[in-house]
Amino acid sequence: MKSRFRAHGALTGLSRNSSRRRCQWAAVLLLLAGMVPGQSSVTKANPYAVSAVQQERPFVEDLEHRTFNWFWDAANPDNGLIPDHYPSNDTFTSIAAVGFGLTAYGIGVERGYISRDQAVERTLATLRFLENAPQSDAPDGATGVHGFYYHFLDRQSGERFDHGSEASSVDTTLLLGGVLFAQSYYDHDTPPEREIRSLADTLYRRVDWTWMQAHRPFLSMGWTPDGHFLPYDWDGYNEGMLIYLLAIASPTHPIAASTWQSLTGTYDRQWGTFQGETLVNFAPLFGHQYSHSWVDFRGIRDQWNQSRGFDYFENSRRATYAQRAYAKVNPGGWRDYGENIWGLTACNGPGAVTKTVDGQVRSFEGYKARGAGQDYITDDGTIAPTAAGGSIAFAPEIALPALEEMKNRYGARIYNRYGFVDAFNPSFPTNEDSSDTASPQQISYWADTAQFGIDQGPILLMIENWRSGFVWNTMKKNPYIRVGLTRAGFSGGWLDGQR
């Protein structure tokens, strides 16, 4: 896993601590070229038409339970910190994974995997640690600064993991998704649950969003203790919607509500048609999943949505269909791609190596923001199950068959006690039989040996959102989420009390 930790550092001169951010910055630069508007795509079948029988089928329950167990087993019970990837001997935690974990505990209660008392205990340990952990601009010994947290922390001490780890605006936001979920979910009138609500409020209120506006009106991607904000801001369409909603809603350090219109004003450069789907593009599917994991965008629209005639949920649905269509066309000629084997997003990979496969020289990558869209295509044959799993709420009629086919086709090599491994690559054989006639059972493909928190999270949360709407419905009760959406100009649907 060290290869992922150091990958792509040359892009900004910092260490791999922000590999996913580095990949996105590269994507942002690619997007600056601008996009040509396309025609409106045809809306697919009703995503809610999938039957309750399908939602409760044994495979779905098994996958959800295994994925939950990853969060429960991986977390440090003393401070609630969750590793970036697990199982692993590496010692750094992902602050974003902690946010997904805080949400996972509520799902575990509702599904009967753990008791409410167990969830309260783990949640309190996490929030107490976050509230008491030192915040300062010192290069060492701190957990964060100005209410933001460092992207990677030491799993035991909770201090900044190394000098390449930035105070990250997006990873702090994903943490806050779980914090605010806890605030709304634990609503019993008991001392422990009252403390959870109070701690959650304290953590959210102390984030100084205006400090992170190094280049107004947008928010910077992060800051390092050498006094420098990272050179890239959150603009364009990506997973950053939740960042702005929380920043606009802040009761203590709010940014201007008009920033949302500034943000959506940058979407035109990503607007266009890819594989027959017209949408605002972002090539890796995680950009269409993260904010949606906590916020139900079905039926609510901002000014940009009104101008395009559909909501952000539909946009993510189209992105999911475009990815499957790309795999069916398979322009790169990668092994096994097709109707039910697809999914590109940020994930681990075989490594930066060139290999001859079936007589053709192929280049592979380690951890990278793989994706397919009008904005860019980065594809080395590596498939991440979270691409389909995190999109199951958008398009269950294609995502569920893909997940089932992956499990049935590749078996224990990619599906283990914690569900799907992070990624696998059928085009990267690790034995001598790499002929076209060899079966999946004859070829030993590269497959990861661990799961990543930021990829497990969308699988778990979006399966539950599809099955019951639980996370979405919990977040609808949170006043800060409602305030952020309203100030940003959203209306309609559940915001107006409509079903």
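Where pLDDT is low, the predicted coordinates should not be read in detail.

**Confidence**
- Residues 432–436 also stay under 50 in pLDDT, with 12 contacts beyond four places in sequence.
- The protein chain has a mean pLDDT of 89, and 86% of its residues reach 70 or more.

**Helices α6 and α8**
- Helix α6 spans residues 116–132 and helix α8 residues 191–205; helices are DSSP runs of H or I, at least four residues, and strands are runs of E, at least two, numbered from the N terminus.
- Their axes, lines fitted to C-alpha atoms over the stretch in contact, come within 10 Å and cross at roughly 35°, on a scale from 0 to 180 degrees between N-to-C directions.
- Residues in this contact include Leu124 and Leu127 of α6 and Ile196 and Leu199 of α8.

**Strands β9 and β10**
- Strand β9 (residues 271–274) pairs with β10 in the antiparallel sense over 4 bridges, where pairing requires at least two DSSP bridges.
- Glycine 272 has leucine 279 of β10 as its bridge partner.
- The hairpin has 2 residues between the strands, and glutamine 275 takes a positive phi near 50° there.
- Strand β10 (residues 277–280) is covered on both faces: Glu277 and Leu279 on one side, Thr278 and Val280 on the other, are all buried, meaning under 20% relative accessible area with a 1.4 Å probe, protein chains only.

**Basis**
- Residues are numbered from 1 along each chain as its sequence is written.
- Local features need pLDDT of at least 70, side-chain atom pairs count only at pLDDT 80 or more, and totals for chains, interfaces and linings use all residues, while side-chain values use heavy atoms, leaving out hydrogens and water.

How values were computed:
Buried means under 20% relative accessible area, exposed over 50%, partly exposed in between (1.4 Å probe, protein chains only). Contact means heavy atoms within 4.5 Å. pLDDT is the predictor's confidence in each residue, from 0 to 100.
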